[in-house]
Amino acid sequence: MSTDTPAGAPIPTRVKKSVALSGIVAGNTAICTVGHSGNDLHYRGYDIADLAREATYEEIAHLLIHERLPNAAELAAYRRHLATLRGLSAPLRAILEQLPARSHPMGVLRTGCSALGAMDTEPSAPDGSGPKDPVLARHIADKLIACFPSMLLYWHHYATTGRRIEVETADATIAAHFLRLLHQREPHPSHVRALDRSLILYAEHEFNASTFTARVIAGTGSGLYGCVTGAIGALRGPKHGGANEVAHEIQQRYRTPDEAEADLRARLARKEIVIGFGHPVYTVSDPRNAIIKDIARDLCAAHGTTNAFAIAERIETLMWNEKKMFPNLDWYSAVAYHEMGVPTPMFTPLFVIARTAGWCAHVIEQRADGKIIRPSANYTGPADRPLPPLDQR
Ligand SMILES: CC(C)(COP(=O)(O)OP(=O)(O)OC[C@H]1O[C@@H](n2cnc3c(N)ncnc32)[C@H](O)[C@@H]1OP(=O)(O)O)[C@@H](O)C(=O)NCCC(=O)NCCS
C-alpha cells in the first residue's frame, strides 16, 4: 500500500466478517505497518523479527516515543532516566491501598493512570485546544512505562499481604524491575530476557482497538493520561488484550494433549470461537507467534514442563488442520508468562506496560494531525415520527 492511499479507502487485504471497519483506512501513521503482506509487522520500518532478536524493550520504547533508535550511550542514559521515574507519590500509594485484592489488576492500572492524570495535569496550548507539547507528552509516556510495574506490584503485595514494598530498585530494565518486584528476589536472567522480548512483541500494532481508542480521545484535545486510561479500558476485553488471560484458562483445562484435542474438536463442531487464534488483520499467520512460541518452548524445556507446551501445540495443530486458524501473540504468551510465575490476571497488565509506548506515540502523532475523529453512522432506526403527548403513549 503506498502512502497516498486516501483515508476511507479499503486496504487490499481480506475483509474479516467479524471485524467492524475491517480493511478501512481511518488515518495515516508513520509508526507501524501490520499485515501488508498478510503477515508482516514493522515498527518505523524495522522488522519485528530483527527487533525481537537484536534489541531490548527500552530501545523499542525510545524508537516509538522518541522516534528513533538510541545509540549505546543514549540507551544507557535512557535506562537511568526511566529508573528515576519508578517512584509512587504518597497520594497515589494511598489510592492503590484502597483497592481490594479482588480488584482486577487491569482496573488497578486504569485507576492508577487516571489518578496520576488527576494529580499531574498537562497544560493546554495557549489557544485552549488542549495539550500539544510533545516534549511533555514524551516525558509522561516515559513516566507511565516506568511506573506502571511499580503501581501494579505495590498494589499486589499490599492487597494480598499488607506489605508496603520498595518499588525503586536499581534494575537496568523494565523486565527485570517487574520480575524483581513480583517475586521479591533476584530475577533469573533467562526470564528477564524472555519477558523483555515479549514486551517488544506487544509494544505496538497500528490501529488496533485500544490504540484507535487513544487516538479518538486525543483527537478531541484531551490529555495523555485520559488517552491511556481509555486505551486500558479497551485492552481489557477478551477479543483484544484480555485474550492472553483467556488463552491460559483454555490451556489449563487439560491434563494431556489428547484430552485437549478431543474437547476442542467438540467445541469447534459447536462453532465455538477459541480465544488466542485468528486476528482482525492477519490472514496467513501472526509474525509474532513464531518468536513467542520459541520463547515458551525454551522456558518449558528449562523447567521440565513440556506437557504444558505440548497441550498448547496440539491445540495449534488442530486449529490449523480444522479451521486454517493460526495462533496470535496471546496464545503462547500465556504459556511463557505462566512459566515465569506471573499470576494469570497480570498477563494483560504486561500488555499494558508494553503497549503504552505505542499508545503514546500514536497520541503524539494524532495531536500533530490536529483532527477530531468523528465517523458517521448508517441509521437503521425508525423513520422520523411525531412525538405523542405523554398521556397518549
Ligand atoms: C479476530 C477475529 C474476530 C476474526 O474473526 P473473523 O472475522 O471471523 O475471521 P475470519 O474471516 O478469518 O474467519 C474465518 C473462519 O474461521 C473462524 N474463526 C475465526 N477465528 C476463530 C477462532 N478464534 N476460533 C474458531 N474459529 C475461528 C470464523 O468463524 C470463520 O469461520 P467460517 O468460515 O466457518 O465462517 C476472530 O479470529 C476472533 O475472535 N479471534 C479470537 C479473539 C482473539 O484471540 N483476539 C486477540 C486478537 S490479537
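Residues are numbered from 1 along each chain as its sequence is written, and side-chain values use heavy atoms, with hydrogens and water left out. In this predicted model, local features need pLDDT of at least 70, side-chain atom pairs count only at pLDDT 80 or more, and totals for chains, interfaces and linings use all residues. Helices (H or I, at least four residues) and strands (E, at least two) are DSSP runs, numbered from the N terminus.

Three strands form an open sheet in the order 1-2-3, and the pairing is antiparallel. Two strands count as paired if DSSP finds at least two bridges between them. Strand 1 (32-34) and strand 3 (46-47) stand at the edges. Each has a single partner strand, so one side of each lacks a neighbour in the sheet. Strand 2 (residues 41-43) pairs with strand 3 in the antiparallel sense, over two bridges. Here His42 stands opposite Asp47 of strand 3. In general, strands of a sheet pair through backbone hydrogen bonds, either parallel or antiparallel.

Helix 2 (residues 57-65) contains Ile65. Ile65 is buried, at 1% relative accessibility. Buried means under 20% relative accessible area, exposed means over 50%, and partly exposed lies in between (1.4 Å probe, protein chains only). With residues up to four places away in sequence left aside, Ile65 is in contact with Tyr78, Arg138, Ala141, Asp142, Ile145, Ala357 and Ile364. Contact means heavy atoms within 4.5 Å. Ile65 and Ala137 are 72 residues apart in sequence, yet their C-alpha atoms are 9.0 Å apart in space.

Helix 10 (residues 224-235) has 12 residues. From first C-alpha to last, helix 10 reaches 16 Å, close to the expected 16 Å. The expected span is 1.5 Å times one less than the number of residues. The buried residues of helix 10 are Leu224, Tyr225, Cys227, Val228, Thr229, Ala231, Ile232 and Leu235. Their cover includes helix 5 (105-119), helix 6 (134-161), helix 9 (209-219) and helix 16 (347-369). An α-helix has 3.6 residues a turn, so residues three or four places apart point the same way.

The loop between helix 5 and helix 6 holds Gly130. Gly130 is buried, with a relative accessible area of 6%. Beyond its neighbours within four places in sequence, Gly130 is in contact with Ser124, Ala125 and Gly221. Leu82 lies 48 residues from Gly130 along the chain, and the two C-alpha atoms are separated by 26 Å.

Helix 12 (residues 257-269) includes Leu264. At 1% relative accessibility, Leu264 is buried. Leu264 touches Tyr254, Val274, Ile315, Leu318 and Met319, not counting residues up to four places away in sequence.

Helix 14 (residues 306-323) packs against helix 15 (residues 329-339): their axes come within 10 Å and cross at roughly 175°. That makes the two helices roughly antiparallel. Axes are lines fitted to C-alpha atoms, for helices over the stretch in contact, and angles run from 0 to 180 degrees between N-to-C directions. Angles under 35 degrees count as roughly parallel, over 145 as roughly antiparallel, 65 to 115 as roughly perpendicular and the rest as oblique. From helix 14, Ala308, Phe309, Ala312, Glu313, Ile315 and Glu316 take part in the contact. They meet Trp331, Tyr332, Val335 and Glu339 of helix 15. Seven residues of this contact are nonpolar, none is polar and three are charged. Ala, Val, Leu, Ile, Met, Phe, Trp, Tyr, Cys and Pro count as nonpolar, Asp, Glu, Lys and Arg as charged, and the others, Gly among them, as polar.

Two loop residues have a positive phi. Most residues other than glycine have a negative phi. Lys324, in the loop between helix 14 and helix 15, has a positive phi near 50°. Lys324 is partly exposed, at 47% relative accessibility. Gln184 has a positive phi of about 55° and is not a glycine. Gln184 sits in the loop between helix 7 (174-183) and helix 8 (189-202), and is partly exposed at 33%.
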